Amino acid sequence: MPFCTTDPNLRNDWLTVGAASQLRQVSAARPVSARLLGNDLLLWQDDAGAPHCSADGRALPIICRYDYLWVHTGDGPAPALFELPEFAQPGRRIVDCGGIGVATSGLRVVENFLDIAHFPYVHTGTLGKVPHTEVAPYRAVVDPAHGEIWATECHFFQPRASASAGDGIDAHYRYRVMQPLTAALYKTCPNRAGEWDVIGLFVQPLDQEQVIAHILLVYDEDVLPDAEMIAFQHTIFGQDKPILESQRPRRLPLTGSLEAHMRCDLTSTTYRRWLHQRGVTFGAHAQPLP
Ligand SMILES: [Fe+2]
């Protein structure tokens, strides 16, 4: 079966097919399957532990980075994968929170990840709390060197910013979009001033309206067990999932006035404009002809 899109933004990117741990003890004789862009892939590792991938009877480039598997489905040369230097920083806790299926466009999942304004209403008591609803002005720009979106100087009152946060704090955030379906959040570390915890969001597009959202924690955290850190993220994402799945259209409108925006949505409007300028069609709402 061919891939369901020719959108070069997706076909030329490295796309995740999940955590590398799924290939433990998986040989070529009994590969595992994974879904990507409407196609079925086979995955396995060789005797040296290197990952392999095939689709439609041909081998596809696959690499393991940040404990995740990344596949390149395009015909041209693969670009360099984004850098995440904190992953190799000594003392960091690396916790894979696994994947959560969401019935919507991956672009909607990334846009929601970038949104601060919904915290008091959707993540009441943890990431936000009424009446602390105001989003202070922040910056969002496209970094000319790497073409990535960076939103900086974001801050927001959070009653419980992470699983290990004791009291409410004015949490500082930075957001980064590396690829249309790959983003990272840098947030104040509650227990270590000056350090940033990193949450990676790696979206695996099964098709245009079905994804698996993978979450990887790269934390300065030395108190909590993995299970509590994972449970906190699953609670937060479990609050986002029904809202994401209720949004219509499922595919993200990139232009026009289908959805109104305010100043607090600067990151969202920057993301949509960035996608539009790149000519992204996969997971995007087709505009009606004038
Ligand atoms: Fe949320």
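Author: A polar contact is a pair of N or O atoms within 3.5 Å; within protein, one of them must be able to donate a hydrogen and the other to accept it, and residues adjacent in sequence count only if both atoms are side-chain atoms. The model is predicted, so local features need a pLDDT of at least 70 and side-chain atom pairs count only at pLDDT 80 or more, whereas totals for chains, interfaces and linings use all residues. Residues are numbered from 1 along each chain as its sequence is written, and side-chain values use heavy atoms, with hydrogens and water left out.

Reader: Which backbone oxygen does the side chain of Ser105 reach?

Author: The side chain of Ser105 reaches the backbone oxygen of Gly283, at 2.8 Å. To place this residue we need helices (H or I, at least four residues) and strands (E, at least two), which are DSSP runs numbered from the N terminus. Ser105 belongs to the loop between strand 8 (93–102) and helix 2 (106–113), and it caps the N-terminal end of helix 2, with a side-chain oxygen 3.0 Å from the backbone nitrogen of Leu107.

Reader: Is Ser105 buried or exposed, and what is Ser105 in contact with, leaving aside its neighbours within four places in sequence?

Author: Buried means under 20% relative accessible area, exposed means over 50%, and partly exposed lies in between (1.4 Å probe, protein chains only). With a relative accessible area of 0%, Ser105 is buried. Contact means heavy atoms within 4.5 Å, and, leaving aside neighbours within four places in sequence, Ser105 is in contact with Gln208, Glu209, Val211, Arg250, Arg251, Leu252 and Gly283. The helix that Ser105 caps is itself largely enclosed by the rest of the structure, because eight of its eight residues are buried; among them are Arg108, Glu111 and Phe113.

Reader: How many aromatic pairs does the count come to?

Author: A pair of aromatic rings is described by the distance of the centres and the angle of the planes. Rings of Phe, Tyr and Trp (its six-membered ring) pair if their centres lie within 6.5 Å; planes under 30 degrees apart count as stacked, over 60 as edge-to-face and the rest as tilted. The count comes to 12 aromatic pairs. One of them, Phe119 with Phe156, is edge-to-face, at 5.8 Å centre to centre and 80 degrees between the planes, and it links distant parts of the chain, from helix 3 to strand 10 (residues 149–158), 37 residues apart. Tyr271 and Trp274 are stacked, since their ring centres are 6.2 Å apart and their planes are at 25 degrees.

Reader: How are Tyr271 and Trp274 placed in helix 5, and what sits over the ring of Trp274?

Author: An α-helix has 3.6 residues a turn, so residues three or four places apart point the same way. Tyr271 and Trp274, three residues apart in helix 5 (residues 266–278), are separated by about one helical turn. A charge sits over a ring if NZ of Lys or CZ of Arg is within 6 Å of the ring centre and within 35 degrees of the ring normal; the charged end of Arg278 sits over the ring of Trp274, 4.3 Å from its centre.
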